[in-house]
Amino acid sequence: MKTCSLDRLASIFERFSLRAHVFNTGPLCAASSYDHEAGRGHIHVLKQGAIKVETPAKPSMIIRAPHLLFYMKPITHRLIPLVEEGEVITVCGEIDFGDGLENPVLQVMPGLIPMELTGNEHLSAILDLLFEEAFNPGCGRQTALDRICELLVIQLLRISMNDSPNQIGLLAGLADQRLAKALTCIHKEPAKSWTLEQLANMAGMSRASFAVKFRDTLGMTPGDYLGHWRLGLAKTLLKKGRPVSLVSDEVGYSSAAAFTRAFAGRFGQTPTSWLKQTWQGQADVRHS
């Protein structure tokens, strides 16, 4: 059986465009809140000072520089500068994988990953470049900051993927060499009629062992994950102007009718209705 090339992140970035936008460089003088409903993750690099981090239904944390907070998916949180400990300097950015809260990548990502930066050789070169651009700006500053932030996200995903054996979610699955083979095949060939046996063979495991390991690691069954991935891709393709009939074929449904039923069952509206509502929402934002 053909095997899939094992760049574990490449197939994700091929399907969902990573975009970052740096929106703050410098002093954090007052409490700042971030709402999960915006559909974006966040990176907060604490270069100097200390902050209190508040997240609903979780204990607050005190973070002291140098430190990084990586919110891989949208999570409501609040940063409060502890000015009594000195000036607080941050570089903050938004992360967008596209399609907001329904993105299948975000749904199986872990939440917050705090990272101590002292002596972190994996990030030092990128952070030096980020700080140089943030605090000694030249022409094209915003574009440069955004691209550096995207590179930072990729490096953070690499680190998190390799350090997440005890977590649940996509990065934990990609960290497992056996599950990664099956996941990469799903990501690269979503239209294929993958069976549990085929995916288990890709992973070099028995069907029963693979099914249990996948569910325990990803938090859902292989079939559910494949369905999430297909419908998330479908949204991306629809927004690019592809007709429903072509999208249904490209993401692995036997007909446009079968695709429409699955889409409506998941999102509560037909692909056409969803697309119309999405376009209208974007138009309202542009004109507001």
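1. F13 is partly exposed, with a relative accessible area of 23%. This value, like every other in this note, comes from a predicted model. F13 falls within helix 1, which covers residues 10–15.

2. The contacts of F13 beyond its sequence neighbourhood deserve a look. With residues up to four places away in sequence not counted, F13 touches L18, F97, I154 and L157.

3. Strand 4 has two pairing partners to check. Strand 4 pairs with strand 5 in the antiparallel sense, over four bridges. Within this pairing, K52 has I62 of strand 5 as its bridge partner. Strand 4 is also joined to strand 7 (residues 77–81) by four bridges, and these two strands run antiparallel as well. In strand 7, P81 stands opposite I51.

4. T55 belongs to the loop that runs between strand 4 (50–54) and strand 5 (61–64). Is T55 buried or exposed? T55 has a relative accessible area of 15%, and it counts as buried because that value is under 20%. Leaving aside neighbours within four places in sequence, T55 is in contact with Y71, I75, T76 and H77. H77 is among the residues of strand 7, which spans 77–81.

5. The next point concerns a helix pair. Two packed helices are described by the angle between their axes and by the distance between those axes. Helix 6 (residues 177–188) and helix 8 (residues 207–218) pack at an angle of about 90°, and their axes are 11 Å apart. The two helices are therefore roughly perpendicular to each other.

6. Which residues make the contact between helix 6 and helix 8? Helix 6 contributes R178, L179, A182 and L183. From helix 8 come F210, K213, F214, T217 and L218. By class, the residues of this contact divide into six nonpolar, one polar and two charged.

Note on methods. Residues are numbered from 1 along each chain as its sequence is written. This is a predicted model: local features need pLDDT of at least 70, side-chain atom pairs count only at pLDDT 80 or more; totals for chains, interfaces and linings use all residues. Side-chain values use heavy atoms; hydrogens and water are left out. Buried means under 20% relative accessible area, exposed over 50%, partly exposed in between (1.4 Å probe, protein chains only). Contact means heavy atoms within 4.5 Å. Axes are lines fitted to C-alpha atoms, for helices over the stretch in contact, and angles run from 0 to 180 degrees between N-to-C directions. Angles under 35 degrees count as roughly parallel, over 145 as roughly antiparallel, 65 to 115 as roughly perpendicular and the rest as oblique. Ala, Val, Leu, Ile, Met, Phe, Trp, Tyr, Cys and Pro count as nonpolar, Asp, Glu, Lys and Arg as charged, and the others, Gly among them, as polar. Two strands pair if DSSP finds at least two bridges between them.
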